[in-house]
2 protein chains.
Amino acid sequence: MSNEVVWDRPEPPSKPSPTPLSRELIVRAAIELADSGGLDEVSIRKVAAALNAGPMRLYGYVETKDELLDLMVDEVYGEITLPAPGTEWRAALTRIAHGIREAAKRHPWFIDLLGGRPHRGPNSLAYMEASLATLDGRPEFPTIDHVLGAVGTVMAFVRGAVGNEIAETREEQSSGLTEEQWQAASGPYMGRMLATGKFPTLAKVMYDAEHTSAGPWFDTGLSYVLDGIATRHTPA
Amino acid sequence: MSNEVVWDRPEPPSKPSPTPLSRELIVRAAIELADSGGLDEVSIRKVAAALNAGPMRLYGYVETKDELLDLMVDEVYGEITLPAPGTEWRAALTRIAHGIREAAKRHPWFIDLLGGRPHRGPNSLAYMEASLATLDGRPEFPTIDHVLGAVGTVMAFVRGAVGNEIAETREEQSSGLTEEQWQAASGPYMGRMLATGKFPTLAKVMYDAEHTSAGPWFDTGLSYVLDGIATRHTPA
DNA sequence: GTATCGCTCAATACACTGTATCGCAGTGAG
DNA sequence: CTCACTGCGATACAGTGTATTGAGCGATAC
């Protein structure tokens, strides 16, 4: 051995490596970043840094950033507990709807990624399967197309409602604090607008409504939707 | 005058300027870019270039890029034709829902911007006013909170449904052509997945459903939602 | 035991983003 | 004629995703 002293020999980088990587680890790190700082915090460089790795290292495990986002989405789908098979359909769809909502509460970025690209990950497929299985086979829904229509409607509502809700809470905690805070902030403009008298109903909302926020409406809306489906598909 | 010849005097850059700018013009240019190339095509630099201006010039008219996006959204809201006051409520809400859908068909990026931040532009306020006014004052909806709940539900559905629809068409025309095309592309993977037998209902959808796409479902879904609302708020 | 192959990771590079800063040119006022 | 001011443009900076390249190592072949 020519170099006897330790300091002459560079620390053997060792194949086990400072950090062995895996999709699992990468996705977990990315989710953590997104949870704590929003989607913008998820950049290839930052995820890599969180794992003590160079940015390019990730491309061994993931072909593109979008792919990473897809993996994150599927991971969250996996967190959703599905209704036991055989549950009554209204209860089952309610469970499924709340599953998304709860997931989005934990991971506010989730809802932003939903609906971007299609989701074909195993967990997302399982979620869809469970949703459809909820109605499939019941006499009230004679064909698979009826099932698709009903489930699709519920999912559309959920996506929109949760999206609104998340946007709202996001704004609350970004713009400062409560809603009154906000009302004071954009108050002058809104005040002037409402004062024009062109928006009487909006004014009523501002001044008379109990909750201006969309949060509490989720269950109301969901039961509207389920009622509507039930109306068209009453058990014969 | 010392410089007699024209060529000695630089063309008076003239305050009227190579291109007089205005919010109107900027927003229009941005929308054009977004329509033809998607939201990514909207960058400060590109919009400015489309107007023969330097990038920084825009910041005289708009404080930030998000502000520009807000303006674009409000512009599109302005394109939506609202139902005449006094229209029967189901018809009115249907009109309003289709308004969003048509707008999103013309401007696919519209739906992506909806629900990001809140919309307080004049056109968007007018849109909300019209939506709420549709139900306000009717005996079936005694308080403004009932109105909010019903309208909110419809809007949530619309947002979700149109979002799905746009995502779908986007994928279709990006990935190549028709749906069969796609089925062939991600076929191997999906084939394997379905072959596991873990997704029987999904398999049924793939093989038995008439339309796998969400497009045609909009009206079905909307009538579910309206039915549901009607069920809870029948004219006394 | 040595030379070579191949593979894996990291550094660099590129084109691009939004926006802060700064200097200059041209206009109007005195 | 000069000066201050204003508004525009170029430049600069800190980021982004990702292609390319080069270096280092382990395993394999002789």
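Helices (H or I, at least four residues) and strands (E, at least two) are taken as DSSP runs and numbered from the N terminus. The model is predicted: local features need pLDDT of at least 70, side-chain atom pairs count only at pLDDT 80 or more, and totals for chains, interfaces and linings use all residues. Residues are numbered from 1 along each chain as its sequence is written, while chains are lettered from A and ligands numbered from 1 in the order in which they are written.

Chain A follows the pattern α-α-α-α-α-α-α-α-α-α-α along its sequence. The totals are 11 helices and 0 strands. A residue is called buried if 20 or more other C-beta atoms lie within 10 Å of its own, exposed if 12 or fewer, and partly exposed in between, with C-beta atoms placed from the backbone. Of the 236 residues in chain A, 36% are buried. Two residues are in contact if their C-beta atoms, placed from the backbone, lie within 7 Å. Among contacts in chain A between residues at least 6 apart in sequence, 66% join residues at least 24 apart.

In chain A, 10 residues of domain 1 are in contact with 12 residues of domain 2. On the domain 1 side, helix 1 (23–37) and helix 3 (65–79) of chain A each give two or more residues. Helix 3 of chain A provides the largest share, 5 residues. Residue classes are as follows: Ala, Val, Leu, Ile, Met, Phe, Trp, Tyr, Cys and Pro count as nonpolar, Asp, Glu, Lys and Arg as charged, and the others, Gly among them, as polar. By these classes, the side of domain 1 of chain A that touches domain 2 of chain A has 6 nonpolar, 1 polar and 3 charged residues.

Chains A and B also meet. The contact takes 50 residues from chain A and 50 residues from chain B. On the side of chain A, two or more residues come from each of helix 6 (122–135), helix 7 (144–175), helix 9 (187–195), helix 10 (200–208) and helix 11. Helix 7 of chain A gives the most, with 17 residues. This side of chain A has 24 nonpolar, 14 polar and 12 charged residues.

The same surface serves both copies, as 100% of the contact residues of chain A recur in chain B.

Helix 11 of chain A covers residues 217–232. Its 16 residues should span 22 Å at 1.5 Å a residue, and its end C-alpha atoms are 23 Å apart, which agrees. The expected span is 1.5 Å times one less than the number of residues. Buried residues of this helix include W217(A), F218(A), L222(A) and Y224(A).
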